[in-house]
Amino acid sequence: MKLLIIEDNKDLQGIYQHNFQAAGHTVAVADNGLDGLNVAVEFQPDIVLLDIMTPEMDGYGFLTALHNNTSLTPFVVACSNISQADDIEAAKQAGAEVFLRKSDYVGAELIKAVEEAYAARDMRPKQIIEEPAPIDDEQF
Amino acid sequence: MGFVLAAAGTLGGNTTEGGGLFLLAYAGGGLGGWLVFHRGYTHESQTVSDIRHTLHEEQLKSAALLASLSDGIIVVSVHGNVQLCSDIALTYLGAERGDVLHKSYETLFTQASIATNPSTAISHAIADKLPTTIKLISIHQKNQPHPLDLSASVQPIINEDGDVGAYMITLHDISSFSRAERLKSDFISMAGHELRTPMTVIAGYSDLLLNPTFGKLNKEQQKFVERTKQTTEHLIHFVNNMLDINRLESGQQDDRPEVVNLAEECKHILASFRARFKQKHIRVHTHLPANDVFVKVDRSRLQQVFDNLLSNAHTYSDERGEITIDIHTDTDTIAISIGDNGQGISTDNQKIIFNKFSRLSVDTSAEGTGLGLAISREIVHGWGGIINVESDGVHGSTFRFTIPRYKLKQQKETL
């Protein structure tokens, strides 16, 4: 698969790149959202591994610009160490399919998480929260 | 005009010693009333005029005393009516004396700017006739960037008969303490987030070194790199837990509640532990409800509590031990217990086990952050539940926590 890594930390960018290439994926990299947008148009990725906090243009900006200015619809995995509920919700609202806490996933765990999420992309609703229906929202 | 003696004391008689605590409601004036410590200066030879004069002097002294206190003082009757409210208290609460005097103390806390209403806690203190301290009343003041944070102490005033004559509420400004807490919390948050990225880099490079695609390490090198990766991951886990407890203690939790089928979630979590249990040949017994039961909580927090308790049960179980998971439901509450037949927890340790960094003396070999149970307690309390542990100190231990039950519409109709 074609995977675009948008990550401003050069060490992590290199680690992700090595791991995904070793797992057989074609990888392109960008340092921030703005570069990522330009690379995405050229590279046409299946998956974008997107750091949320990047200089120039952050992950939210990238997702908005991608949606407004291109016809690309890659599977977006947001990846950040800023991982409070509000951040996760904001990333999903902006168009990320999955949110991973960066520090929880290195090497094989990250590849597995991304590949599994991508494989399951058509089998679940975009909103992961599944509420049994019908639901009365009032607590008894 | 006159003074009304609202709490018991000694006035008149031959006494030149002793005295008492007097609560004087100054009827018809703007002052409301005064708390007087009166020490035997009355004598039967004193005229009513002398007594009035003395009382007036005492009133002035008390007024000066109250005005000089940095704490706000409120006195309420046993029926909960405000009998005295110092100027500082009125300033703190943004209230006018005329609006609160002789009215229920609840009127003190009805201003829109008061974020945390202590009325319920005060009513409990009055009902129980016991002193209590409410840590925080947060008041948003105009043109101020930070709220005014107060603690409220409720102290019964005991009269000579040993009965409660009134209650004194003391409002103490703890804003500087709150600001220090916020600074500490911000620092932990910033430092934690800054630490996570380099630690992730170290773990990432260690992982790359262990990948044979990039060259083979000898046995010794592999051991060193594996240890580097494990230690770094432990450190990441610790920092994550530290950030978590910091967030929870600041009252930030359960932002994304959703309806969760508890038994299904429990099975899902247990499946993730299967390999670890198998490694120690631990047998797992589950007693899950036959019917679907639901809770409405943040799913990741629920997983976190299960994860902490199951990890502990695994850690402190012997080889070929047994772990029992029991979910008991009643009308409004679900109780979950996770028990093991490991080494048990002494009574002394049970008292501290939910405190932060309370690694017990017996578990020096166990790898943990010392925060898991403290985090679990904060999460469960945030749901309005309770968490505790039972153990005879020898034959294992059982952790129990409760969650309010959430009923779907059709379940409500059948109940």
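Predicted model: local features only at pLDDT ≥ 70, side-chain atom pairs only at ≥ 80, totals over all residues.
## Chain A in outline

Chain A has 5 helices and 5 strands. What order do the elements of chain A run in from the N terminus? They go β-α-β-α-β-α-β-α-β-α.

Of the 140 residues in chain A, 41% are buried. Taking contacts in chain A between residues at least 6 apart in sequence, 62% join residues at least 24 apart.

## The sheet in chain B

Over in chain B, 5 strands make an open sheet with mixed pairing, in the order 10-12-13-15-14. Strand 10 (283–287) and strand 14 (387–391) of chain B are at the edges, each with a single partner strand, so one side of each has no neighbour in the sheet. From one strand to the next, the twist averages 15 degrees.

Further in, strand 13 (residues 333–340) and strand 15 (residues 397–404) of chain B run antiparallel and are joined by 8 bridges. Within this stretch, B:Ile338 stands opposite B:Phe399 in strand 15 of chain B. Helix 7 (residues 262–279) of chain B lies across strand 10, strand 12 (322–329) and strand 13 of chain B, at about 175 degrees to strand 12.

## Helix 10 of chain B

Helix 10 (residues 372–383) of chain B has 12 residues and spans 17 Å from its first C-alpha to its last, close to the 16 Å expected at 1.5 Å a residue. Is helix 10 of chain B mostly covered or mostly exposed? It's mostly covered, with 10 of its 12 residues buried. Among them are B:Leu373, B:Ile375, B:Ile379, B:Val380 and B:Trp383, and the buried list also takes in B:Arg377 and B:Glu378.

What do those buried residues of helix 10 pack against? Their partners in chain B are helix 6 (219–249), strand 11 (294–298), helix 8 (299–315), strand 14 and strand 15. Just after helix 10 of chain B, B:Gly384 takes a positive phi of about 85 degrees.

How values were computed:
Residues numbered from 1 in each chain as written. Chains lettered and ligands numbered in written order. Helix = DSSP H or I, 4+ residues; strand = E, 2+ residues; numbered from the N terminus. Buried ≥ 20, exposed ≤ 12 C-beta atoms within 10 Å, placed from the backbone. Contact = placed C-beta atoms within 7 Å. Pairing = 2+ DSSP bridges. Axes fitted to C-alpha atoms, helices over the stretch in contact; angles between N-to-C directions. Expected span 1.5 Å × (residues − 1).
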